[in-house]
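Hello,

Here is the structure I promised to pass on to you. Have a look at it first, and then read on for what turned up.

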Amino acid sequence: MPDGNLGADPADGPVRVVLGLLPSELTPREAALLAELEALGREVARAKSEIAALQADDITASQIPAATDELDAVVAHTAAATNEILDSCEALEGLRPRLPEEAASVLSDAVTRIYEACSFQDITGQRIGKVVTALKTIERRVAAATHAFGCPGAGEAASPPRTEGEALASGPQLPASAASQQDIDRLLASFE
Amino acid sequence: MPMDKNISVLIVDDYKTMLRIIRNLLKQLDFNNVEEATDGQEALAKLRAGNFGLVISDWNMQPMTGLDLLKEVRGDQRLKDTPFIMVTAESKTENVVAAKQAGVSNYIVKPFNAETLRDKIEKVLGHA
């Protein structure tokens with residue numbers, strides 16, 4: 001009975017079981033089945049070597065953590081810069097009582113617009129948080145795939161949401177699909 | 001009757017910058033009696049210990065979200081009538097519906113402006 005080129009890989013096990021069941025004289029159908037099994041075995045071996053070439057351990061041990069650290073640093077830097085801007089705004093607001101009424105009003109409006117604009121830091125922080133979550137999901141899945149092919153580093157499952165509030169918390173939508181304040185006002189009014 | 005701006009306002013957000021922005025915007029609206037909390041649990045403890053006339057809360061916080069805080073507030077005999085505005089980047093319909101069903105007084109989507117904040121506060125305090 002032909003043995004093909006199957007090695008000692010655990011993935012070859014099912015192929016070997018089937019081979020053991022085949023008679024020594026193969027019918028055309030059995031030969032075709034054997035050829036398919038051998039091809040499958042080669043595909044599994046190729047997938048394993050490709051996963052090894054990916055250096056999945058490096059991805060989960062260094063590249064993704066480094067990427068998330070960089071993103072955390074972006075959030076920290078923007079938070080620090082935003083706080084500097086807010087410090088300056090509060091200093092400017094402190095001058096209002098000493099200014100003529102018209103100038104105080106102009107200053108107040110300008111400071112309000114800066115406060116409004118500074119909320120970018122919250123939105124970008126949440127968006128970056130979503131990217132970090134996605135990277136961590138990729139990290140877990142790479143680890144799980146590596147483990148499934150007999151390599152070390154099993155992936156851990158993400159914790160399920162504990163409450164409705166957590167289940168629905170998904171952060172900012174992309175601008176193209178996000179509801180506006182007017183959309184939300186209309187939706188709330190529909191309950192009245 | 002003019003809006004009572006001496007009420008205590010509790011703002012809840014896990015982003016310190018956002019707390020600062022909302023506090024400053026409230027100050028411009030002459031609300032000077034403002035306290036802060038950085039998650040739902042801390043907010044609930046402050047609400048139970050104090051006497052607040054308005055809660056302005058983010059949604060996405062750990063360990064207790066804004067929605068969970070809202071449910072706790074509405075389920076508390078002493079706190080259940082406290083006006084509660086959700087200020088959040090969560091803009092999906094299911095979020096707004098869940099908040100409304102939980103008893104939210106109004107809902108502001110981030111990023112927002114001072115005019116929207118003032119408008120919603122006036123509405124929930126009954127002076128629109």
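**What turned up**

Chain A exposes about 12,000 Å², and carbon and sulfur atoms supply 61% of that area. Please keep in mind that this is a predicted model.

Let me stay with chain A for a moment. Its secondary structure consists of seven helices and zero strands, so from the N terminus on the elements read α-α-α-α-α-α-α. Of its 192 residues, 25% count as buried. If you take the contacts in chain A between residues at least 6 apart in sequence, 57% of them join residues at least 24 apart.

Now to the place where the two chains meet. Chain B brings 40 residues to the contact, and chain A brings 40 residues as well. Together they bury about 3,400 Å², with carbon and sulfur atoms giving 55% of this area. On the chain B side, B:Tyr15, B:Arg20 and B:Gln28 supply 19% of the area buried against chain A, more than any other three residues.

B:Arg20 also turns up in a salt bridge, where its partner is A:Glu90 and the closest N and O atoms are 2.9 Å apart. The count of salt bridges between chain B and chain A is six, and 25 residue pairs are in polar contact.

Which parts of chain B each supply at least two residues of the side that touches chain A? They are helix H1 (16–28), helix H3 (66–74), helix H4 (93–102), strand S5 (106–109) and helix H5 (114–124). The residues of that side divide into 17 nonpolar, 12 polar and 11 charged.

Best wishes

Technical notes:
Residues are numbered from 1 along each chain as its sequence is written. Chains are lettered from A and ligands numbered from 1 in the order in which they are written. This is a predicted model: local features need pLDDT of at least 70, side-chain atom pairs count only at pLDDT 80 or more; totals for chains, interfaces and linings use all residues. Side-chain values use heavy atoms; hydrogens and water are left out. Helices (H or I, at least four residues) and strands (E, at least two) are DSSP runs, numbered from the N terminus. Buried means under 20% relative accessible area, exposed over 50%, partly exposed in between (1.4 Å probe, protein chains only). Contact means heavy atoms within 4.5 Å. Accessible areas come from the Shrake-Rupley method with a 1.4 Å probe; for residues, only the protein chains shown count as cover. Buried area is the accessible area (1.4 Å probe) that two parts lose on being put together, summed over both. A salt bridge is a side-chain nitrogen of Lys or Arg within 4 Å of a carboxyl oxygen of Asp or Glu. A polar contact is a pair of N or O atoms within 3.5 Å; within protein, one must be able to donate a hydrogen and the other to accept it, and residues adjacent in sequence count only if both atoms are side-chain atoms. Ala, Val, Leu, Ile, Met, Phe, Trp, Tyr, Cys and Pro count as nonpolar, Asp, Glu, Lys and Arg as charged, and the others, Gly among them, as polar.
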